[in-house]
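Try each task yourself before you read its solution.

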Amino acid sequence: MSITDSLDRMNKPNKEHTRIGIMGGTFDPIHYGHLVIAEQIRCEYNLEKVIFIPAGTPPHKSNLRVTDSKHRYFMTILATITNPYFEVSKIELESEEVSYTIHTIEKLKKVYREDTDLYFITGADAICELDTWKNVERLTKLCKFIAATRPGLERSQVDAKINELKETYNASIGKIDLPALAISSTDIRNRIREGQSIKYLLPEPVEYYIYKNNLYKEV
Ligand code: NAP
């Protein structure tokens with residue numbers, strides 16, 4: 001487990017600035033992959049806390065079926081409750097509108113001190129499409145990014161894309177590789193549909209919540 005591409009020297013820990021991680025994703029459902037990444041980055045970047053923000057209506061997914069936000073929120077709470085450095089925010093779930101990251105980050109910037117460093121953590125596949133995100137120029141000025149890769153992603157392509165984004169937007173984008181963690185929400189959903197075990201892929205309370213609420217049974 002290693003952070004292969006740490007942030008630029010100017011972005012190294014600065015004790016005077018509060019540093020907060022923002023864990024963005026659909027979390028449909030949340031699993032150990034997300035939790036390990038968040039904890040690893042918290043320690044590596046000396047973050048005060050990591051706020052998990054389940055996406056309301058995720059951009060790029062308005063045509064896809066996503067589990068009711070209430071369930072994704074509860075599962076995220078159950079998964080994070082034992083870590084005192086983890087929080088969950090409803091900020092993107094309270095609006096019917098598509099949740100653009102720029103709006104979320106702008107809201108957080110008003111809550112925390114102006115000089116707080118925000119690290120937006122999400123999957124490398126999503127980060128590779130950063131140039132299609134709303135107001136990307138402003139967004140890259142307001143927060144730093146950390147892209148989590150997983151086995152199956154073509155590393156050289158991800159690296160090339162990240163370098164291109166860094167140059168184009170003068171963006172700060174770090175990367176974390178967790179080769180041993182191939183867990184994915186899609187795989188968990190497929191396993192449930194096919195009646196296979198999901199034990200040890202996600203926290204037990206989340207597993208029970210899924211069964212109790214009959215989630216992911218239908219295609
Ligand atoms: P997603 O489907 O949740 O995730 C895309 C990929 O990244 C999947 O492989 C996913 O794995 C992985 N992933 C998701 N969240 C992760 C996390 N926090 N740490 C590590 N891996 C993670 O992606 P999405 O919902 O489209 O987008 C992710 C985030 O980017 C959301 O917060 C979304 O709002 C934001 N976003 C914003 C814009 C915009 O502002 N225009 C556009 C696109 C995305 P799993 O399936 O296993 O989770």
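A residue counts as buried when its relative accessible area is under 20%, as exposed when that area is over 50%, and as partly exposed in between. Keep in mind that this is a predicted model.

**Exercise 1. Find the salt bridge between Asp-177 and Lys-175, and work out whether the two residues are buried or exposed.**

Step 1: Look at the two side chains. Those of Asp-177 and Lys-175 form a salt bridge, with N and O 3.8 Å apart.

Step 2: Check the burial. Asp-177 and Lys-175 are both buried.

Step 3: Follow the links further. Arg-155 and Asp-159 join Lys-175 and Asp-177 in a network of salt bridges. As for the whole structure, it holds twelve salt bridges.

**Exercise 2. Take the salt bridges Lys-161 to Glu-164 and Glu-207 to Lys-199. How buried is each partner?**

Step 1: Start with Lys-161 and Glu-164, whose side chains meet at 3.2 Å, N to O. Both partners sit in helix α6, three residues apart, and that is about one turn of the helix.

Step 2: Compare each value with the cut-offs. Lys-161 has a relative accessibility of 18%, so it counts as buried. Glu-164 comes out at 41%, so it is partly exposed.

Step 3: Do it again for Glu-207 and Lys-199, where the closest N and O atoms are 3.3 Å apart. Glu-207 has a relative accessible area of 5%, which means it is buried. Lys-199 has 30%, which makes it partly exposed.

**Exercise 3. Describe helix α6: how far does it reach, and which of its residues are buried?**

Step 1: Get the span. α6 has 15 residues and runs 21 Å from its first C-alpha to its last. This is close to the expected 21 Å, at 1.5 Å a residue.

Step 2: List the buried residues. In α6 they are Val-158, Lys-161, Ile-162, Leu-165, Lys-166 and Tyr-169.

Step 3: Look down the helix axis. The buried residues of α6 fall within an arc of 140°, so they line one face of the helix.

Step 4: Turn to the other side. The face of α6 pointing away from the buried side carries Gln-157, Glu-167 and Thr-168, which are exposed.

**Exercise 4. Which residues does a cis peptide bond join, and where is the proline found?**

Step 1: Check omega. The peptide bond between Asp-28 and Pro-29 is cis, with omega at about 0°.

Step 2: Pro-29 lies in the loop between β2 (19-25) and α1 (32-44).

Methods
Residues numbered from 1 in each chain as written. Predicted model: local features only at pLDDT ≥ 70, side-chain atom pairs only at ≥ 80, totals over all residues. Heavy atoms only, no water. Helix = DSSP H or I, 4+ residues; strand = E, 2+ residues; numbered from the N terminus. Salt bridge = Lys/Arg side-chain N within 4 Å of Asp/Glu carboxyl O. Buried < 20%, exposed > 50% of the residue type's maximum accessible area, 1.4 Å probe, protein only. Expected span 1.5 Å × (residues − 1). Arc of directions from axis to C-beta.
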